[in-house]
Amino acid sequence: MNETTVNILQENFSVLPQEIRNIIVDQATREKIRSIGQKYAVSTEQILSIQDEVFFILFGIEPLSSFRTNIVEKAGVTYDQALKIAYDLNSLVFKPITETLKEMGEGLSIGGDEEAMPDFS
């Protein structure tokens with residue numbers, strides 16, 4: 001993530017619903033993303049790009065509906081990998097917070113189917 005993006009995230013963190021903030025600061029979220037990336041044989045760099053996309057959704061910057069397309073384009077994974085990764089992340093990360101994401105204005109379809117701020121740099 002570039003410095004401008006990090007600054008935007010830091011500014012918006014405190015206005016997020018507590019449930020979303022908890023997921024963002026929870027190391028288990030990053031571990032889930034890493035584990036799924038390894039499951040589908042993607043590189044560390046690709047996993048970090050996927051993680052960025054997950055956080056963009058959690059912050060309401062990107063719509064969940066474009067997640068699959070975004071990880072193909074930005075992480076450089078294959079379409080087949082993107083389908084599998086999106087499915088797993090939907091189950092493990094997004095599904096438990098469906099209602100909160102809806103309240104934030106999300107479509108909740110992956111491609112058709114005042115706490116301390118964490119360090120995003």
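Reader: Leaving aside its neighbours within four places in sequence, which residues is Thr100 in contact with?

Author: In this predicted model, Thr100 is in contact with Pro17, Glu19 and Ile20, once neighbours within four places in sequence are set aside.

Reader: And where is the place of Thr100, and does it count as buried or exposed?

Author: Thr100 sits in helix α7, which covers residues 98–103. Its relative accessibility is 9%, and because buried means under 20%, Thr100 counts as buried.

Reader: What about Pro17, where is its place?

Author: Pro17 belongs to the loop between α1 (3–12) and α2. With a relative accessibility of 29%, Pro17 counts as partly exposed, whereas Thr100 counts as buried.

Reader: How far apart are Pro17 and Thr100, in sequence and in space?

Author: Along the sequence Pro17 and Thr100 are 83 residues apart, while in space they are 7.5 Å apart, C-alpha to C-alpha. Not counting residues up to four places away in sequence, Pro17 touches Met104 as well as Thr100.

Reader: Stepping back, how many helices and strands does the chain have?

Author: The chain has seven helices and zero strands, so the pattern read along the sequence is α-α-α-α-α-α-α. Buried residues make up 45% of the 121 residues in the chain.

Reader: Which residues of the largest nonpolar core touch the most other members?

Author: That core has 30 residues, and those touching the most other members are Ile50, Val54, Leu58, Phe67, Ile85, Leu89 and Phe94. At least two residues of this core come from each of α2 (18–25), α3 (27–39), α4 (44–58), α5 and α6. As background, nonpolar side chains tend to be buried together in soluble globular proteins.

Reader: Take Leu58 from that list; what does it touch, not counting residues up to four places away in sequence?

Author: On that basis Leu58 touches Leu16, Ile20, Ile23, Ile24, Phe94, Ile97 and Met104.

Reader: Now the packing: at what angle do α4 and α6 cross, and how close do the axes come?

Author: The axes of α4 and α6 come within 13 Å and cross at roughly 50 degrees. The two helices are therefore oblique to each other, and their crossing is right-handed.

Reader: Which residues make that contact of α4 and α6, and how do they divide by class?

Author: From α4 the contact uses Ile50, Val54, Ile57 and Leu58, and from α6 it uses Ile85, Leu89, Val93 and Phe94. By class, the contact of α4 with α6 has eight nonpolar residues, no polar ones and no charged ones.

Reader: And how do the axes of α5 and α6 cross?

Author: The axes of helix α5 (residues 67–75) and helix α6 (residues 79–94) come within 9 Å and cross at roughly 130 degrees. That makes α5 oblique to α6, and this crossing is right-handed. On the α5 side the contact is made by Phe67, Arg68, Ile71 and Val72, and on the α6 side by Tyr79, Ala82, Leu83, Ile85, Ala86 and Leu89. These residues divide into nine nonpolar, no polar and one charged.

Technical notes: Residues are numbered from 1 along each chain as its sequence is written. This is a predicted model: local features need pLDDT of at least 70, side-chain atom pairs count only at pLDDT 80 or more; totals for chains, interfaces and linings use all residues. Side-chain values use heavy atoms; hydrogens and water are left out. Axes are lines fitted to C-alpha atoms, for helices over the stretch in contact, and angles run from 0 to 180 degrees between N-to-C directions. Helices (H or I, at least four residues) and strands (E, at least two) are DSSP runs, numbered from the N terminus. Angles under 35 degrees count as roughly parallel, over 145 as roughly antiparallel, 65 to 115 as roughly perpendicular and the rest as oblique. A crossing is left-handed if the near helix is turned anticlockwise from the far one by less than a right angle, and right-handed if clockwise. Contact means heavy atoms within 4.5 Å. Ala, Val, Leu, Ile, Met, Phe, Trp, Tyr, Cys and Pro count as nonpolar, Asp, Glu, Lys and Arg as charged, and the others, Gly among them, as polar. A nonpolar core is a set of buried Ala, Val, Leu, Ile, Met, Phe, Trp, Tyr and Cys residues joined through side-chain atoms within 4.5 Å. Buried means under 20% relative accessible area, exposed over 50%, partly exposed in between (1.4 Å probe, protein chains only).
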